[in-house]
Amino acid sequence: MGLALRCFLLLSFLTFTAGFDFQAGSRPSGLPVFVRNSNTAGMAANIVKRSLPSWLAASPKHRITRRSTGQGDSCDARHEYVTKLTANTHRYSFNDLSGSVSLAWVGDGTGVILALTTFQVPFFMIRLGQSKLYRSENYGKSFQDVTSLINNTFIRSELGIAIGPENSGKVILTGEVSGAYESRIFVSGDFGKSFSNLDLPFNPLTQITYNPENSNVLLGLSNNNELWLSEDFGSNWKKVHDMVCLVKWGRKSTFFFTTNLNGSCSDRGMLELKRSTDFGKTIKTVANKIYSFGLGGRFLFASVMTGKGTLRMIHVSVDQGETWNMAQLPPVGHEQFYSILGASDEMVFMHVDEPGDTGFGTIYVSDDRGTVYSKSLERHLYTTTGGDTDFTNVTSLRGVFITSVLAEDNAVQSVVSFDQGGEWVPLRKPANSQCDATAKDPEKCSLHIHAAYSTAMRLNVPMLPLSEPNAVGLILAHGSVGDAISVMKPDVYVSDDGGYTWIKALNGPHHYAILDSGGLLVAVEQNDNQPINTIKFSTDEGQCWRTYNFTDEPIFFTGLASEPGARSMNVSIWGYRDSLISQYWVSVTVDFRDLLTRDCEDNDYVQWLAHSDDISDPNDGCILGYKERFLRLRKDSVCWNGRDYMVTTQPTPCPCTLDDFLCDFGYYRKENSSECVEQPDLKGTVLEFCLYGKEEQLQTSGYRKIPGDKCKGGEMPERKEIDLSKRCVSDLLGPELLVDNRSSKSAPIVITVIIIMLLTIAAGVVFVKKYVCGGRFLVHRYSVLQQHVEANAAEGMDDPLETNHTQNGKIEFHDDSDEDLLE
């Protein structure tokens, strides 16, 4: 009677999601959620053999040798670990039959976990259900039932457990009040030891959000679109504005929101973007005719209607909406959409969709103003129906990104950039792997990574790629080795140098986690149909794995949970036991601290030069203008980094070369070449664009320094912008347009002229036709699996773009787009 299980691991509280225009999701973030449900059959797809295209040929620069243990590649036996782990394994059974459980870590290094179990069923026009709240102070080794602290109130699981920023110890639970329109919140300021109940003057539509820098200040959006604010942690609330469609915190006391005085948030393109810099005391309109908006790094983005049809333009502001510039992208057709894939304080990654329902587009990267863009990667996979993209920031090494491209036969292939989008190459084939049946040549193939697109297609991929800023160079990911992503069962691969080299670490799909800043890796095999009792661990970055039976009574596995930040030594295996007479949740927590018998010392670390094969070569390892040397734990050192471990780095500037430059606006790199050449359709034309309301002329030799590149001297291609001293309207968001739309007679004329110009440009764009699918049956091909998304899509493309902040604060991502950004 065993039920198949699936673990849905949501991103952390500060994850930047993406969207079709900007999405205001009501789904809570930041919590692992484990759910019991029935098994879903996998999706079949045809297979085709193919070879890598010439334009994705591997660069000869990326031939780095994998780090070794220093004592050979054999896996010696670690004696007595079973006895130590057995003494530090803690099992807890919940007297609870609820269908789902949500976990939240409260504070950093406190050991406090809140577990909320929920059971609910719809009954006519109401929901019947119950919630139980459990609290642990020892990383999940034991729990206390604290449901009485919330008066046995039913907690709305869709709003989740709202944890305060930093180490504030604040918690908010949103409950339902029987027979009343309002809701009630339970708030805690002492890491969940006690709760106070407060009645709300509104019924929340989405999770209540904290100000990132002052956890006492809260924003709430009601289900009738009223915006409310509290400055005393929910004790008192004031209504800020009516008919608010989407709200986002900016920096300090600033927040942005869209509103429509016509009374409908579905009237996209007629929204006003407003800003408050003093917690709602004063409000200023900063843009109108808004379709959507989003925040990323220091950039504020808006998708703006041009005034005719559905044509929209992306605008960027770096001063919180005081002034705007239109994104200066190469010519695009009106059928295309844009999506902000990532944004830091230095640059923006933007996807521009190809005309038609192709499922791919081009990635462009911006300058440091977010305004001028250069081509980075063609045929980038971004589904038109589900909004799925594999674009992944590797946080364990600067400048590294992994994503997928769609080949001309619609096979999905992985590529990696080590220089922040300057060059993209295939991932090297792991030395201990063989090419699978998708490979045309069994001696020539590459590694392909399963990410968001594979999970959306319901392939057997339980986890996305994993990296952590304090685990330098480490990446864990599911993948296959061939000419393209395969629909066959994936294996787990590990890279210890930021994606240059890989090894196959585990056979079959697994859940995995990074502990002790990379000093310890743990994994549990995914098995939907059989109970499990084994956990695997590695102390040498995935080269050798050992197994440990954590229980004599196997459980149906639902998920692996460890404290965010990869510094803990505790990991919890969650699941449930199923018998003829009972079914209940079980948590088994293994503390690995005693396995590592000593603290790491200076001689346990070795100097490592990132992006390099030879640390003694003075010209090796220069990426984005400088070298970085790290002190990293030796693979054969079995010791404890500790919670206070800090990444130690020694940056050294490099002289500039062409590798430190992107191709400038209107230029591109030919295949297998670092030289930038003019786009044929712009050859011989004067490149002019609007910047801050003035017309500028660009004089360039075709190169633009990569944002964030720190190189000095060396080769510096000439580039300058000349002020033509002409007034221009670049953005449809000039201050005169924000006072009163009806008072400006010139605005319709300007808009009409811009639309005519855009339509003229669009007429010259060469439309890319769809390629016909063919072939046999192993390659994961977009055209076949796309039908699955169309049949199961819950939402359309024009959902708003979601843009929260990431944990490390460096780069932020969307998981959907504007039909514009935003699409």
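Trainee: Which residue in β14 is the bridge partner of Gly-220?

Mentor: Trp-228 is that partner. This is a predicted model, where local features need pLDDT of at least 70, side-chain atom pairs count only at pLDDT 80 or more, and totals for chains, interfaces and linings use all residues. Residues are numbered from 1 along each chain as its sequence is written, and side-chain values use heavy atoms, without hydrogens and water.

Trainee: What makes β13 and β14 a pair?

Mentor: Two strands pair if DSSP finds at least two bridges between them. Strands β13 (residues 218-221) and β14 (residues 227-230) share four bridges, in the antiparallel sense. Therefore they pair. Strands here are DSSP runs (E, at least two residues), numbered from the N terminus.

Trainee: Which sheet holds them?

Mentor: An open one of four strands, ordered β12-β13-β14-β15, with antiparallel pairing.

Trainee: Why are β12 and β15 called edge strands?

Mentor: Each of β12 (209-210) and β15 (238-241) pairs on one side only.

Trainee: Why is Lys-289 called buried?

Mentor: Buried means under 20% relative accessible area, exposed over 50%, and partly exposed in between (1.4 Å probe, protein chains only). Lys-289 has 18%, so Lys-289 is buried. Lys-289 is found in strand β19 (residues 284-296). Its phi is near 55°, a positive value in a residue other than glycine.

Trainee: Is Ala-566 buried or exposed?

Mentor: Buried, because its relative accessibility is 2%. Ala-566 is in the loop between β39 (556-561) and β40 (570-578). Its phi is positive too, near 60°.

Trainee: How many of the 823 residues count as buried?

Mentor: The share is 59%.
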